[in-house]
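Reader: I have a model open and want to go through its fold and surface. Can we take it step by step?

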Amino acid sequence: MEPKWSNNICKRALLTGLTLFIVLVFKPTSAIEIQADSEVILQNGTMGTLRCSFRSTEVVSSSTSVTWSFQSSQPDNQFSKAPYTIFYYSNGKGFLGVDEFKDRVQFVGDINKRDVSIQLSPAQFSDNGTFFCDVKNPPDVVGTPGRTELRVVVKESLPQSNTAVIVGAVCGALFLLVLVAVAACIVMRVLHNRHEYEGCTSLESVSSQAPQPRKKVESSLEGSRSTSPSGPLQGPVIYAQLDHSGSKNSFHKMEPVVYADIRKN
C-alpha cells in the first residue's frame, strides 16, 4: 500500500508545481500606456505646459504615482549626465525635486482623469532638454515613460501659429465669395438693362412704322392736286339783259357775261 500512496503524492506534487509554473510564466502582464507631446517650443521668460496622460486597465487609487524627470541637452549643464527627478506625485500630494525647478514647476493635471501634466514658469534657456513622464498605477507598473523635447527660444524664432494661417485662409475664401457675388449682380443688371433697351427699340420701330398709311393718303391727295389744272378757274356765269337798239320796243337778248375770274390759291 505504501508504494501506491507514495505514487499518488508524487503525482499531485508534480501537477501542483506544473500549474504554478504555467501561472507564473504565462500570466499576462498588465501594461500602462503613457502619452506626451513629442516637442514643445516656448519663448524665454514665458509660461508653458508639458502635457502627459496615461491609459490603464486598473482603477486610479492612492497608490498611483507620477514622476517627472529632466535631462539637459547642454553638455555643460549639471543635469546633462542622467535624468534627475524634478517632481513626484503620490497619495494626492506633489513633491518638488531639485532646487533648479523648485519654484517653477506646478502640477496642473487631474490624476482621476488620467492627466498628469505640469506647468513650467518661467521657461529658461537652461531648460532645453528632454522631460520624462512616468506613471505607476499598481498593478499596472510596466510601461514606457513619455518623452518631451523642450526648446526655449527667443520671440523671433517662434514658428507661426496654425491658427493665424487658418484664419487667413477663411478670410480669403470669404473675400472671394463676396467678389463672385458682386460680379454676378453686375452681370445680371447689365443683362436686364440690355433687355429693357431692346424692348424700347422695338416699340420705337413699331411707332415709327404706324403713320405710314397717312403718308400714303397725303401722297394720294397731293397727286390729285397735281393732276388738277394749275391755270385760272372760271368764275360763275351771270346773265345780263342788253339793249342793242336803244328803243323802248327793242328786242332784248340775253347774253352770258363773265362777271369775274376766280383763282384758287
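Reader: In what order do the 6 strands of the open sheet run?

Author: This is a predicted model, where local features need pLDDT of at least 70, side-chain atom pairs count only at pLDDT 80 or more, and totals for chains, interfaces and linings use all residues. Residues are numbered from 1 along each chain as its sequence is written, and side-chain values use heavy atoms, with hydrogens and water left out. Strands are DSSP runs of E, at least two residues, numbered from the N terminus, and two of them pair if DSSP finds at least two bridges between them. The pairing is mixed, and the order is β2-β11-β10-β5-β6-β7.

Reader: Which are the edge strands?

Author: An edge strand pairs on one side only. That picks out β2 (39–43) and β7 (93–96).

Reader: Which residue is the bridge partner of F132 in β11?

Author: Strands β10 (residues 129–136) and β11 (residues 146–153) pair in the antiparallel sense, over 5 bridges. In β11, F132 is bridged to R147.

Reader: Is T64 buried or exposed?

Author: T64 is found in the loop between β4 (52–55) and β5 (65–72). Leaving out residues up to four places away in sequence, T64 touches Y89, S90, N91, I111, V135, K136, N137 and P138; contact means heavy atoms within 4.5 Å. Buried means under 20% relative accessible area, exposed over 50%, partly exposed in between (1.4 Å probe, protein chains only). T64 has 1% relative accessibility, so T64 counts as buried.

Reader: And L177, buried or exposed?

Author: L177 lies in helix α2 (residues 162–209); a helix is a DSSP run of H or I, at least four residues. Its relative accessibility is 56%, so L177 counts as exposed.
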